[in-house]
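Keep the structure open while you read.

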Amino acid sequence: MGEALARGYAAPGQTIAVVGRNGERLAQVAAAVEAKGAKSSQGQVDVTDRAGLEAFVEQFDAEYPIDLVIINAGIFDGRKPGEDIEDLDTSLRVLDTNLTGTLTTLHAVLPGMRRRGRGHIVLMSSLAGLTPIGGGLGYSASKAAVVFYGLGLKQLLHPMGIRVTVACPGFVETPITDRHLGWQPFRISPDAAARKIIRGIQCHRAIVAFPLVLHVMTRVAILMPDFVRRIVGRVFSCHAAAGETKMSGKALPSLAPGE
Ligand SMILES: NC(=O)c1ccc[n+]([C@@H]2O[C@H](COP(=O)([O-])OP(=O)(O)OC[C@H]3O[C@@H](n4cnc5c(N)ncnc54)[C@H](OP(=O)(O)O)[C@@H]3O)[C@@H](O)[C@H]2O)c1
């Protein structure tokens with residue numbers, strides 16, 4: 001989705017920084033962005049590496065003051081086939097990237113935006129952040145934390161001229177959903193998801209959640225008695241495939257058969 005979003009914003013006169021761990025992938029995305037006439041900068045940084053991330057952002061922001069940041073980096077993990085509950089290490093690893101990494105990126109970008117009194121911060125959450133997903137406890141909790149952090153921050157930053165949008169996609173065809181073993185209704189392409197997110201950003205929406213049917217279901221489910229949530233939880237019951245996301249530049253071994 002990060003690539004689709006970068007391509008969506010790429011145009012002559014724009015400079016786009018792409019950040020991730022996998023240098024080859026970054027080069028591909030940078031080439032796609034440049035093919036549309038934009039300039040690009042590549043930051044091969046792990047979002048959990050606070051010093052590395054702050055150094056990259058500081059240097060880029062000094063040359064190209066950041067007016068939009070999309071904090072998109074995230075991983076999906078959860079209980080594996082045969083497990084009933086995910087282990088502590090899995091939860092902590094997911095929270096480290098999806099929550100700590102998000103806050104680290106946010107706070108690296110914020111000082112420049114505050115100095116300039118303008119900017120737009122987009123946080124990538126998920127519909128899994130609006131209602132709990134038992135098969136991905138750490139994932140769901142990390143995305144819920146991102147929703148609340150983002151919406152709380154929005155209240156504080158609004159008077160300073162800085163906008164915040166929280167994106168809550170449903171199922172999108174990416175390596176993340178390849179690892180999600182469970183029913184994935186209304187799955188859409190990364191380009192379709194990026195178009196919806198960009199439209200939401202342009203309309204200055206607080207939350208961009210889609211598809212509508214699943215968004216309404218997540219909102220209703222949270223208000224229902226617990227037995228209803230348990231039924232919904234069984235319908236959306238899932239596991240995570242073993243191993244790390246394929247695209248990663250880091251530990252890739254032990255992908256599940258068929259991945
Ligand atoms: N796909 C879905 O159905 C769906 C639904 C709702 C929300 N989301 C969210 O959308 C975001 C993008 O995911 P995706 O679906 O597009 O999957 P993806 O293709 O696997 O993208 C994940 C991105 O995060 C980067 N990343 C992961 N860990 C990182 C780290 N420690 N440091 C820096 N970058 C890191 C990856 O780059 P490197 O591997 O190069 O580091 C990759 O570019 C995630 O936050 C995900 O939770 C996805």
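Angles under 35 degrees count as roughly parallel, over 145 as roughly antiparallel, 65 to 115 as roughly perpendicular and the rest as oblique. This is a predicted model, where local features need pLDDT of at least 70, side-chain atom pairs count only at pLDDT 80 or more, and totals for chains, interfaces and linings use all residues. Residue numbers start from 1 along each chain as its sequence is written.

**Helix packing**

A word on terms before the helices. Helices (H or I, at least four residues) and strands (E, at least two) are DSSP runs, numbered from the N terminus. Axes are lines fitted to C-alpha atoms, for helices over the stretch in contact, and angles run from 0 to 180 degrees between N-to-C directions.

| Helix pair | Crossing angle | Axis separation |
|---|---|---|
| Helix 4 and helix 5 | roughly 20° | within 8 Å |
| Helix 1 and helix 2 | roughly 20° | within 8 Å |
| Helix 1 and helix 7 | about 55° | 8 Å |

For the classes, Ala, Val, Leu, Ile, Met, Phe, Trp, Tyr, Cys and Pro count as nonpolar, Asp, Glu, Lys and Arg as charged, and the others, Gly among them, as polar.

Helix 1 packs against two partners. With helix 2 it is roughly parallel, and the crossing is right-handed. Glu 3, Ala 6 and Arg 7 of helix 1 meet Val 29, Ala 32 and Val 33 of helix 2, a contact with four nonpolar, no polar and two charged residues.

How do helix 1 and helix 7 lie to each other, and which way do they cross? They are oblique, and the crossing is right-handed. On the helix 1 side the contact uses Ala 4, Leu 5 and Gly 8, while helix 7 brings residues including Pro 190, Ala 194 and Ile 198. Seven nonpolar, one polar and two charged residues make up this contact.

**Around the ligand**

The ligand has 28 residues around it, and Gly 20, Arg 21, Asn 22, Gly 74 and Thr 174 are the closest (a residue counts if its C-beta atom, placed from the backbone, lies within 6 Å). Helix 4 and helix 6 are the elements that give two or more residues to this shell, and helix 6 gives the most, with three. The shell has 11 nonpolar, 14 polar and three charged residues.

Most residues other than glycine have a negative phi, and most peptide bonds are trans. Phe 186, in the loop between strand 6 and helix 7, has a positive phi near 60°. His 204 has a positive phi of about 55° and lies in the loop between helix 7 and strand 7.

Are these two residues buried or exposed? Phe 186 is exposed, with 12 other C-beta atoms within 10 Å, and His 204 is exposed, with 10. Buried takes 20 or more such atoms, exposed 12 or fewer, and partly exposed lies in between, with C-beta atoms placed from the backbone.

Finally, the peptide bond from Phe 210 to Pro 211 is cis, with omega near -5°; Pro 211 sits in the loop between strand 7 and helix 8.

Notes
A crossing is left-handed if the near helix is turned anticlockwise from the far one by less than a right angle, and right-handed if clockwise. Two residues are in contact if their C-beta atoms, placed from the backbone, lie within 7 Å.
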